[in-house]
Amino acid sequence: MDDELLAQSHLTRAQLAAEGVVGLALSWVDNAGITRTKAVPLRRLDQAVRDGVGMSPVFDVFLVDDSTTTSRFLGGPDGDLRLFPDLERAVPLAAQPGWAWAPADRYAQDGTPHPACQRLFARRMTEQARARGLSLLAAYEVEWVLRRPDGTDPAENGPAYGLHRLTDLSDYLRDLLQALETQGLDVQQIHPEYAAGQFEVSVAAEEPVAAADTTVLVRQTVRGVSARHGLRASFAPSFEPGTVGNGAHLHLSAWRDGRNLMTGGEGRHQLTKEGESFLAGILDELPALLVLGAPSPASHLRLVPSHWAGAYHCWGPENREAALRLVSGRSANAEIKCFDGAANPYLALGGTIAAGLAGLDAAATLPAEVNGDPAHLPTPPPRLPETAPEALASFTRSTTLHQALGDPLFHAIHSVRQAESTLFADQTPTQITEATRWRY
Ligand SMILES: NC(=O)CC[C@H](N)C(=O)O
């Protein structure tokens with residue numbers, strides 16, 4: 001361990017101890033989209049920072065139901081990996097007194113980066129953007145459905161976006177807001193969403209890895225505050241088949257020399273040439289990107305027309321039914337609406353960046369925009385893949401994503417997705433929803 005890291009570790013430990021922290025939960029998100037953890041007593045922090053915390057590579061092929069599959073490069077009971085906490089993100093959890101959290105990177109025992117570490121993948125893609133002189137800003141919206149342990153809606157079926165709901169759950173939402181802010185998160189909005197008992201939080205944009213870390217922390221905080229109020233939170237894409245589900249919309253903008261490429265240009269809706277190419281690259285890869293951003297068979301229960309989920313393979317300015325919505329104005333950005341809470345946020349972001357960069361390198365251009373609900377157009381644009389196997393076929397063909405992810409990670413994701421498709425192949429929407437509702 002270098003001296004600087006040792007000094008940072010001592011400082012972090014002293015600060016966390018002063019706040020009454022006893023244990024540190026290290027988290028990583030697997031290819032099934034599940035946030036998994038190993039926790040250590042705070043007094044072992046220096047050791048965790050020096051040697052990492054042991055964890056089996058078998059989690060690279062875990063499925064949503066905790067069964068496992070195999071992959072060409074990874075999986076099986078052999079071997080060990082080390083989780084290294086990122087101390088810069090270590091923070092006491094306001095809703096879990098005595099606990100702190102930190103995201104982890106995964107390394108091999110010999111100290112080399114694990115080729116299938118999703119967080120390191122997101123970092124590599126950010127660096128590839130930087131190598132082209134681009135900096136990126138990203139943020140995930142977080143949606144969840146709240147239930148009492150008996151399955152009833154604590155917001156008492158209050159109207160969508162209704163002030164009723166904010167009143168019925170006044171203490172809960174206040175505690176949540178306070179916990180998020182105490183943890184240093186820059187909350188932009190918190191509000192009741194459309195479906196029964198559904199809420200949403202949005203936070204300020206940050207650099208990509210930080211944005212993915214933040215969404216893990218936001219969800220953990222929602223879980224923690226919900227538990228303290230005797231409630232359960234579900235981030236699953238499909239909570240009740242046939243109704244609006246939980247999205248995890250990704251906002252992304254690319255900047256050069258302090259200038260946002262999504263605005264101030266000569267193109268359509270003031271897009272710059274480079275901004276358009278970046279968006280065109282993302283749009284082009286969306287069918288394959290679903291495997292990273294809307295990965296579960298349950299995702300496809302959410303991804304249906306006229307549910308604000310972005311089921312059509314098109315883009316449009318401020319169009320909430322387009323998979324890619326261009327948000328204009330001062331903080332112009334791309335909103336990828338088809339992504340949901342079953343996604344690994346590091347994979348979805350890294351893959352989206354790779355797609356954007358491919359568009360930039362090819363000087364790609366956007367097709368015609370789509371305005372209004374595509375479902376009501378005389379000739380609607382094509383749908384995004386409607387099933388998980390269809391999306392997987394696009395992913396298999398994507399040389400851009402394959403190259404960006406590298407063989408081990410690409411094949412591990414492929415195996416997990418294939419196995420989950422098989423797992424749910426003969427199940428009804430209700431069965432798929434029930435099997436995944438409380439997993440994410
Ligand atoms: N306000 C919204 O955009 C709702 C989004 C919707 N819940 C989804 O599934 O993505």
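1. The largest cavity is lined by 13 residues, and those nearest its centre are Thr 215, Arg 219, Ala 248, Asp 340 and Gly 341. Strand E8 (142–147) and helix H6 (208–228) are the elements that give two or more residues to this lining; helices here are DSSP runs of H or I with at least four residues and strands are runs of E with at least two, numbered from the N terminus. A cavity is, on a 1 Å grid over the protein atoms alone, a set of points where a 1.4 Å probe fits but cannot get out, whereas a pocket is an open set with protein on both sides within 12 Å along at least five of seven lines, and lining residues have an atom within 4 Å of a point.

2. This is a predicted model, in which local features need pLDDT of at least 70 and side-chain atom pairs count only at pLDDT 80 or more, while totals for chains, interfaces and linings use all residues. Residues are numbered from 1 along each chain as its sequence is written, and side-chain values use heavy atoms, with hydrogens and water left out.

3. The volume of the largest cavity is about 90 Å³, a volume being the space filled by probe spheres set on grid points that are joined across faces, edges and corners. Its lining comprises six nonpolar, three polar and four charged residues, where Ala, Val, Leu, Ile, Met, Phe, Trp, Tyr, Cys and Pro count as nonpolar, Asp, Glu, Lys and Arg as charged, and the others, Gly among them, as polar. Over the whole structure, the search finds six cavities of 30 Å³ or more.

4. The second largest cavity holds about 60 Å³ of space, and the residues that line it include Trp 28, Pro 103, Cys 117 and Tyr 346. Strand E1 (23–29), strand E6 (99–108) and helix H3 (118–131) are the elements that give two or more residues to that lining, which by class has six nonpolar, two polar and two charged residues.

5. Turning to the pockets, the largest has a volume of about 760 Å³, and of the 37 residues that line it, Glu 141, Ser 202, His 251, Arg 325 and Glu 335 are the closest to its centre. Among the elements that each supply at least two lining residues are strand E7 (134–140), strand E12 (250–256) and strand E15 (322–327). By class, this lining has 15 nonpolar, 13 polar and nine charged residues.

6. For the second largest pocket the volume is about 280 Å³, and its lining includes Leu 5, Phe 84, Asp 105 and Arg 123. Helix H1 (3–18), strand E4 (81–85), E6 and H3 each supply at least two of the lining residues, which divide into six nonpolar, one polar and five charged.
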